[in-house]
Amino acid sequence: MAPVIKPVQTSADIPQQTTVAIIGGGIVGLSASLALAERGIPNVVLEKGRIAAEQSSRNLGWVRKTNRSAADLPLSIASERLWQEMQQRTGAQVGYRQRGIMFLARTETELEASRLWLDSVKGFSLDSRMLTPTEIDLLVPGGREKWAGGVYTASDGYAEPTLASSAIAAAAIAKGSLIVENCAVRTLSLAAGRVASLITERGEIRCQQVLLAGAMWSRRFLGNLGISLPTLPVSASVIRTAPMDGPTEIAVGAPDFSFRKHQDGGFIITQRGAMLAPLTMDHLRIGLKYLPTLRANRRNIRISLGREFLADLSLARSWTGERISPFERMRIMDPVVNQKLIAEAMTNLAAAWPVFGNAAIRETWAGSIDITPDSLPVISAVANIPGLTLATGFSGHGFGTGPGAGQLAADLVTGGTPLVDPAPYRLERLYSAPGHRAG
Ligand SMILES: Cc1cc2nc3c(=O)[nH]c(=O)nc-3n(C[C@H](O)[C@H](O)[C@H](O)COP(=O)(O)OP(=O)(O)OC[C@H]3O[C@@H](n4cnc5c(N)ncnc54)[C@H](O)[C@@H]3O)c2cc1C
């Protein structure tokens, strides 16, 4: 199952040449395309499946500053401004609402983690604050659990993933971008040491710059070019309920569930305390780099050995532009919904807010998330391939920062003043991290 995305009329044909060719029609590639079109720069987005059909439509829609690392906050703050004006900019609904986000703690240790986060971002003058159990009851009435406390940011919010990317894509097209679906990019070709063209399954496109916004697939694309990008997949399962009377419009994250109100009056729910890490060869190749993250999240990550191992093995690691690439073999990554996690989320949520015991489940889906070792994305030029820029590895929180990330990538590609300091997102940081080995 996959959420139904608002359709967009895209191009049937690829151009012979362009200025910037963008690989990947998720929110990041599409936002970059819109920013380029607004600057009058010819660009084309190539999407192997359908726009936003992978992570960008399957996410929870949270647009948050709360619990973001200080390094990622300038981009979150810039993106929040872009979300505020997105409906006007695109002329279409994106469902953005600033209804607040709160994270709840059951134990003193969990609460202390929130206090430490709040301390670490003092310099940003956020409206984030700690909550007492009484304040939680007032903001989200009808609860049964005894919370130790929480952290709350009233200016955080959410948008609708099934609308947002479509709105951005349609606006980019209206302003001059080309977007082509069902067109996998196999590889790129160089001339005089720099990017000269993209080789797609429908032919070659000459271009001056390439932006790779391929999320889950970027590691494989770059590996074929001899560049190591450390990202590993995890997956999460999501529930959408029928419209119902819920306790609040604030998005609430507890240790083992989360919920937020959908535009249609239903709720989007997940088991926040558990992510599946289906083992692949990459876990053996680069797993060492993730040891600190694994240690910190050992209760949240459930490692499994299943069909993903063989599915991953069956996809090539190296190929040429003349051959069918792995990107054509899997047009849309559609992981299996984990029924156990769905059931856990609903049980935990109904125990905390009994009103959810009556929720009717309308839809469930799963999505794969590309995680870097430090959970920050890579928005960066690739030093040894002039003309190639990356905007990838958003580690489960790139919907909220997608508009800003796309704009920052457009800035890097065109040499414009960057929206925010791109230093935290440099590719090279991942090579100097402990435990690095190429692979
Ligand atoms: C269950 C779930 C919940 C999440 N919740 C949140 C949340 O609440 N808030 C938040 O901020 N983030 C959340 N995220 C993360 C967020 O969805 C992602 O960080 C964001 O969508 C990444 O956007 P993207 O454009 O990089 O990736 P994607 O949307 O995955 O787009 C990449 C696209 O590139 C295409 N592609 C790749 N390689 C090629 C190729 N060679 N040729 C052509 N096309 C190619 C793919 O087909 C894909 O469509 C969640 C993710 C999941 C799965």
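A crossing of two helices is left-handed if the near helix is turned anticlockwise from the far one by less than a right angle, and right-handed if clockwise. Keep that in mind for the two helix pairs on this tour.

**Before you start**

What you have open is a predicted model, in which local features need pLDDT of at least 70 and side-chain atom pairs count only at pLDDT 80 or more, while totals for chains, interfaces and linings use all residues. Residues are numbered from 1 along each chain as its sequence is written, and side-chain values use heavy atoms, with hydrogens and water left out.

**Stop 1: the whole chain**

Show the protein chain as a cartoon and you will find 15 helices and 21 strands. Helices (H or I, at least four residues) and strands (E, at least two) are DSSP runs, numbered from the N terminus. Along the principal axes, the C-alpha atoms fill a box of roughly 65 × 45 × 40 Å.

Now colour by accessibility. Of the 439 residues, 58% are buried. Here buried means under 20% relative accessible area, exposed over 50%, and partly exposed in between (1.4 Å probe, protein chains only). Contacts (heavy atoms within 4.5 Å) can also be sorted by their span in sequence: among those between residues at least 6 apart, 77% join residues at least 24 apart.

**Stop 2: helix α1 beside helix α7**

Two packed helices are described by the angle between their axes and the distance between the axes. Select residues 27-38 for α1 and residues 161-174 for α7: their axes come within 9 Å and cross at roughly 30°. The axes are lines fitted to C-alpha atoms, for helices over the stretch in contact, and angles run from 0 to 180 degrees between N-to-C directions.

The two helices α1 and α7 are therefore roughly parallel to each other. Angles under 35 degrees count as roughly parallel, over 145 as roughly antiparallel, 65 to 115 as roughly perpendicular and the rest as oblique. The crossing of α1 and α7 is left-handed.

From α1 come Ile-27, Leu-30, Ser-31, Ser-33, Leu-34 and Ala-37, and facing them in α7 are Ser-165, Ile-168, Ala-169, Ala-171 and Ala-172. This contact has eight nonpolar, three polar and no charged residues. In this count, Ala, Val, Leu, Ile, Met, Phe, Trp, Tyr, Cys and Pro are nonpolar, Asp, Glu, Lys and Arg are charged, and the others, Gly among them, are polar.

**Stop 3: helix α1 beside helix α14**

Which hand does the crossing of α1 and α14 have? It is right-handed.

On the α1 side, pick Ile-27, Val-28, Ser-31, Ala-32, Ala-35 and Leu-36; they meet Gly-402, Pro-403, Ala-405, Gly-406, Gln-407, Ala-410 and Thr-414 in α14. The residues of this contact divide into eight nonpolar, five polar and no charged.

**Stop 4: Ser-76 in helix α3**

Select residues 73-84, the helix α3, and pick out Ser-76. Is Ser-76 buried or exposed? With 5% relative accessibility, Ser-76 counts as buried. Apart from residues up to four places away in sequence, Ser-76 touches Arg-64, Lys-65, Arg-68 and Thr-401. Draw a C-alpha to C-alpha line from Ser-76 to Ala-405: the pair is 329 residues apart in sequence and 9.0 Å apart in space.

**Stop 5: two positive phi values**

Most residues other than glycine have a negative phi, and most peptide bonds are trans. Ala-215, in the loop between β12 (209-212) and α8 (218-223), has a positive phi near 45°. Ala-215 is partly exposed, at 25% relative accessibility. Ser-395 sits in the loop between β21 (388-392) and α14, with a positive phi near 55°. Ser-395 is buried, at 6%.

**Stop 6: across the model**

Finish with Pro-42, in the loop between α1 and β2 (43-46). Pro-42 is partly exposed at 46% relative accessibility. Beyond neighbours within four places in sequence, Pro-42 contacts Thr-18, Thr-19 and Val-20. From Pro-42 to Ala-311, C-alpha to C-alpha, is 37 Å.
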